[in-house]
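Let's take a walk through a protein model together, strand by strand. Keep the picture open while you read.

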Amino acid sequence: MSVLEQPTSAVVLGNRGGFVKHCGMRNFGIALGLVGTALIASSSFAGGFKPAAKFPSERMATPNAMASVRMSDSPTYTYTLLSYPGSLDTQGVGINPGALDRDWDGLGRTDKSDIKVVGAWFSPDGTSQAGFLARVAGTKPVRETYDLLNDPDGTLVQQAYSINDFGQIVGDYYSGEIGGAYIFHSYELDGDKFKPLNVPFADAVSTFSPAINDEGEIVGGWTDSAGNSHGYTRIGGSYTSFDYPGGGQIQLYLAVNSDGDIVGSYADANGAVHGFLRRGETYTSIDFPGAVYTASTGINDAGEIVGSYCPTSQCLATGGEGMQGFILKNGIYTAFAIPGEYATALASIDNKGVLMGNYYDADVNQADTANHVHTFLATPMP
């Protein structure tokens, strides 16, 4: 391991580097970090490094709700911006649940760990993509440390998806295309050991978007040789496949809480994307009121769900312009956006109600045609 000399510390794990397929956000449909139709980075980075400094480390604000369904008691938040040292784009995917007073070793000691976020970061020249782990502690000042996460047996385009309170991490890496479909393989990281995490189903060609809860249950997606995508659970080493009723195609970014409740997204027969909640064997579709696209990406132990939605067809046509995040609590939706930016999505929520999300900025000019992605934490005010 080596330490990167940056304002915050960063420890390197495994091999460094990666290849980024240049897609262009506006031409890629809904892009990585918003609802995630693919692992591949969203744009070519021609303008060099521009610091992610859209707002101070902390400030008070309210969600920019644009729906009449907003809760009257919506909280205010303090914001913390996360940026992997030296990176052009940072995209968070998962946050640890933050379950308090858990006797994690049977000896009466409890886990009161700091906030941990996993995701992917992209190099300034757009030629590499790797997973990361961020540890966030304190308030004034906020202290951040970053670890680079790359499975040494994987390819050079990687991303971490989920982390539980015991530090177990799951992620995946891109390994090519078959018939125009992206192929992924997953891993589990426990301590410093990467282990393959691929479904054992005979027809599987791709395993993607894994998530892990504090009970060790893993959920994710897999693709068969015909190009159909499905969900799966792994409980106690046993894999079980599932499909959204009616043949919906499971999309990237699933999440699972400590009760085994699963959220994700599916595409219906017409190609429209909806969120869903799976509780036991009961499925519930999730659609933000009036939206043309909804993706649910995170759930905490209280059953609060977060995700993102497109309010108009123009949002879909431009690859996410005007996209907003949402919070679903007790059957009530609250819209959430970083004002003035190209797009916002909420990726995850912990048990204290801390939101983790990403926004694409509006800094598009002739020299730099990319919308760059930035990760933030939004902590509810007392």
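Which residue in strand 25 is the bridge partner of Lys329? It's Ile332. Before going further, a word on the ground rules: this is a predicted model, where local features need pLDDT of at least 70, side-chain atom pairs count only at pLDDT 80 or more, and totals for chains, interfaces and linings use all residues. Residues are numbered from 1 along each chain as its sequence is written, and side-chain values use heavy atoms, with hydrogens and water left out.

**Two open sheets**

Strands here are DSSP runs of E with at least two residues, numbered from the N terminus. Two of them pair if DSSP finds at least two bridges between them.

Back to Lys329 and Ile332, then. Their pairing belongs to the contact between strand 24 (residues 324–329) and strand 25, which run antiparallel and are joined by five bridges. Both strands sit in an open sheet of four strands, with the order 22-23-24-25 and antiparallel pairing. Strand 22 and strand 25 (332–336) are the edge strands, each pairing on one side only. From one strand to the next, the twist averages 30 degrees (axes are lines fitted to C-alpha atoms, and angles run from 0 to 180 degrees between N-to-C directions).

Another open sheet of four strands has the order 13-14-15-16, again with antiparallel pairing. Strand 13 (204–212) and strand 16 (238–242) are at its edges with a single partner strand each, so one side of each is left without a neighbour in the sheet. Neighbouring strands of this sheet are turned by 30 degrees against each other on average, ignoring direction. Zoom in on strand 13 and you'll find six bridges joining it to strand 14 (residues 218–224), its antiparallel partner.

Now find strand 10 (residues 169–178). Seven of its 10 residues are buried, where buried means under 20% relative accessible area, exposed means over 50%, and partly exposed is in between (1.4 Å probe, protein chains only).

Strand 10 is joined to strand 9 by five bridges, and the two run antiparallel. Ile163 has Ile169 in strand 10 as its bridge partner. The hairpin of these two strands has five residues between them, and Gly167 there takes a positive phi near 85 degrees.

Strand 10 also pairs with strand 11 (residues 181–190): nine bridges join this antiparallel pair. Here Gly171 stands opposite Tyr187 in strand 11. Two residues separate the strands of this hairpin, and Gly179 in the turn has a positive phi of about 60 degrees.

**Charged pairs**

Side chains of opposite charge can pair when their charged atoms come close. A salt bridge means a side-chain nitrogen of Lys or Arg within 4 Å of a carboxyl oxygen of Asp or Glu. How many does a search of the whole structure find? Five, and the table includes some of them.

| Salt bridge | N to O distance | Relative accessible area |
|---|---|---|
| Arg135 and Asp147 | 2.9 Å | Arg135 33%, Asp147 9% |
| Asp261 and Arg279 | 3.3 Å | Asp261 8%, Arg279 43% |
| Arg278 and Glu281 | 3.0 Å | Arg278 10%, Glu281 63% |

Arg135 and Asp147 meet in a salt bridge. Arg135 is in strand 7 (residues 129–137) and Asp147 in strand 8 (residues 143–149), so the pair ties together parts that are 12 residues apart in sequence. Arg135 is partly exposed, while Asp147 is buried.

Asp261 pairs with Arg279. Asp261 is in the loop between strand 18 (255–256) and strand 19 (262–267), and Arg279 is in strand 20 (residues 273–279), 18 residues apart. Asp261 counts as buried, and Arg279 as partly exposed. As for the pair of Arg278 and Glu281, Arg278 is buried but Glu281 is exposed.

**An enclosed space**

Rolling a probe the size of a water molecule over the atoms shows where empty space is left. On a 1 Å grid over the protein atoms alone, a cavity is a set of points where a 1.4 Å probe fits but cannot get out, and lining residues have an atom within 4 Å of a point. Grid points are joined across faces, edges and corners, and the volume is the space filled by probe spheres set on the points.

The count comes to one cavity of 30 Å³ or more. The largest cavity has a volume of about 340 Å³. Its lining has 33 residues, and Val93, Gly94, Ala255, Thr297 and Ser348 lie nearest its centre. Elements giving two or more residues to this lining include strand 5 (89–95), strand 9 (158–163) and strand 26 (343–349).

Note on methods:
1 Å grid on protein atoms, 1.4 Å probe; cavity = no way out; pocket = protein on both sides within 12 Å on 5 of 7 lines; lining within 4 Å.
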